[in-house]
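Dear colleague,

Please find below the structure that I am handing over to you. My notes on it come after the sequence and coordinates.

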Amino acid sequence: MKIQDLVESEQDNYDEDIEEEEEGPRYNESNFQFNDFAKRLPHPKIVRACGLALKTFVDNSIHTNHCIVKLLHRIAFDCKMYVMVFQLSIFRSFHEIIKMKELPQHKELVKFATYIIRQFVKVAEVNKKVFMEVLFWKSIGECYEIEHGYTESHGKKSLQKVWSEEEEDEVRRLFMEHQQSGNEQDVVDWITANIIDQTKSRRQILKKLKDLMLLVDYKGRKKSAKSKSSNWTTEEEENLEELFEQFKGSGDPMANILENLEVSRPKNRVIEKLLVMGLIRDKKEVNKKKANRGRK
């Protein structure tokens, strides 16, 4: 009888453990794409932290210095954001590093510092303002402008498109929250609905997600039916302008534009709109380009 009571007691304890496990937190497995993760590294806060750590390179262990260089290398070389490392405090550290270039433990630091300085010289040849830019920590958009040319301001419209560092952090937080929640709603639509600044359009948020390299190979939400209205909304015009800039140098600009439009429209209407917006002067500019055939 005692043995039976013991067995029943153990069974009750086992059942309680099972219930506790079922009521506990649940975790879902997800594929980790390192390349996608690496593309989120270019951020002024990360570069600033690396710069602070680099100031004490003399006291750091060899492994610590290796980790600093590896992270900065991911940003500067893998992500092509070497302009983000153009910062006066980091250059001061580079100056001290190069003075100790004979020491074998600093070999990796010297190699990276030399690479960044060479890139700085190349950019300085075409943009003299880069000497002033080294005083500031830079976002991805600012780095692009320093290297490829500054965009002109267009009054209030351009001011509304300026993103603060806090707003960029909010976009990152909302993006990660959406990814971790398993929400099936389109990520751009979800962020647009939940962002604090409701004046930000879906097009602006999509562009910012791409600038921050959070979206890679984004195919967009499911296309809506063809618009019954002949009038174009502001977002549609922005979408068309962005697609034109993206595909104007491709082999078949019009086909690419039509394929990626958020709101489908007939080809002739799209060409007509491109002409009205002054993006093209002749419809031949967006025709499929003929392949150059070499002589036999």
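This is a predicted model: local features need pLDDT of at least 70, side-chain atom pairs count only at pLDDT 80 or more; totals for chains, interfaces and linings use all residues.

Residues are numbered from 1 along each chain as its sequence is written, and side-chain values use heavy atoms, with hydrogens and water left out.

Overall fold

The protein has 15 helices and 0 strands; helices (H or I, at least four residues) and strands (E, at least two) are DSSP runs, numbered from the N terminus. Of its 296 residues, 34% are buried. Here buried means under 20% relative accessible area, exposed means over 50%, and partly exposed lies in between, with a 1.4 Å probe and protein chains only. Among contacts (heavy atoms within 4.5 Å) with a separation of 6 or more, 66% are between residues 24 or more positions apart.

Nonpolar cores

A nonpolar core is a set of buried Ala, Val, Leu, Ile, Met, Phe, Trp, Tyr and Cys residues joined through side-chain atoms within 4.5 Å. The largest one has 33 residues, of which Phe 86, Phe 94 and Ile 116 touch the most other members. Two or more residues each come from α3 (44–54), α4 (62–78), α5 (88–99), α6 (107–126) and α8 (140–148), and α6 gives the largest share, 8 residues. Not counting residues up to four places away in sequence, Ile 116 touches Ala 76, Tyr 82, Val 85, Phe 86, Phe 91 and Phe 94. Another core, of 15 residues, lies apart from it and includes Trp 163, Phe 175, Val 188 and Ile 205.

Helix pairs

Two pairs of helices may be of interest to you. For both, axes are lines fitted to C-alpha atoms, for helices over the stretch in contact, and angles run from 0 to 180 degrees between N-to-C directions.

The axes of α14 (residues 253–260) and α15 (residues 267–276) come within 11 Å and cross at roughly 105 degrees. The two helices are therefore roughly perpendicular to each other; that class covers 65 to 115 degrees, with angles under 35 counted as roughly parallel, over 145 as roughly antiparallel and the rest as oblique. Met 254, Ile 257 and Leu 258 of α14 make the contact with Lys 267, Val 270, Ile 271 and Leu 274 of α15. By class, these residues are 6 nonpolar, no polar and 1 charged, where Ala, Val, Leu, Ile, Met, Phe, Trp, Tyr, Cys and Pro count as nonpolar, Asp, Glu, Lys and Arg as charged, and the others, Gly among them, as polar.

In the second pair, α12 (residues 202–211) and α13 (residues 234–247) pack at an angle of about 35 degrees, with their axes 9 Å apart. Arg 202, Arg 203, Lys 207 and Lys 210 in α12 meet Glu 235, Glu 238, Asn 239 and Glu 242 in α13. This contact has no nonpolar, 1 polar and 7 charged residues.

Single residues

Asp 186 lies in the loop between α10 (165–181) and α11 (187–194) and is buried, at a relative accessible area of 16%. A polar contact (a pair of N or O atoms within 3.5 Å; within protein, one must be able to donate a hydrogen and the other to accept it, and residues adjacent in sequence count only if both atoms are side-chain atoms) of 3.1 Å joins the side chains of Asp 186 and Arg 202. A polar atom of the Asp 186 side chain also lies 3.1 Å from the backbone nitrogen of Val 188.

Lys 273, in helix α15, counts as buried at 14% relative accessibility. Leaving out residues up to four places away in sequence, Lys 273 touches Trp 232, Glu 237 and Leu 240. Lys 273 and Glu 237 are 36 residues apart in sequence, with a C-alpha to C-alpha distance of 8.5 Å.

In helix α5, Ser 89 is buried, with a relative accessible area of 19%, and its side chain makes a polar contact of 2.6 Å with the side chain of Gln 87. Ile 97, also found in helix α5, is buried at 0% relative accessibility.

Finally, Lys 80 sits in the loop between α4 and α5. Lys 80 has a positive phi of about 60 degrees although it is not a glycine, and it is exposed, with a relative accessible area of 53%.

Yours sincerely
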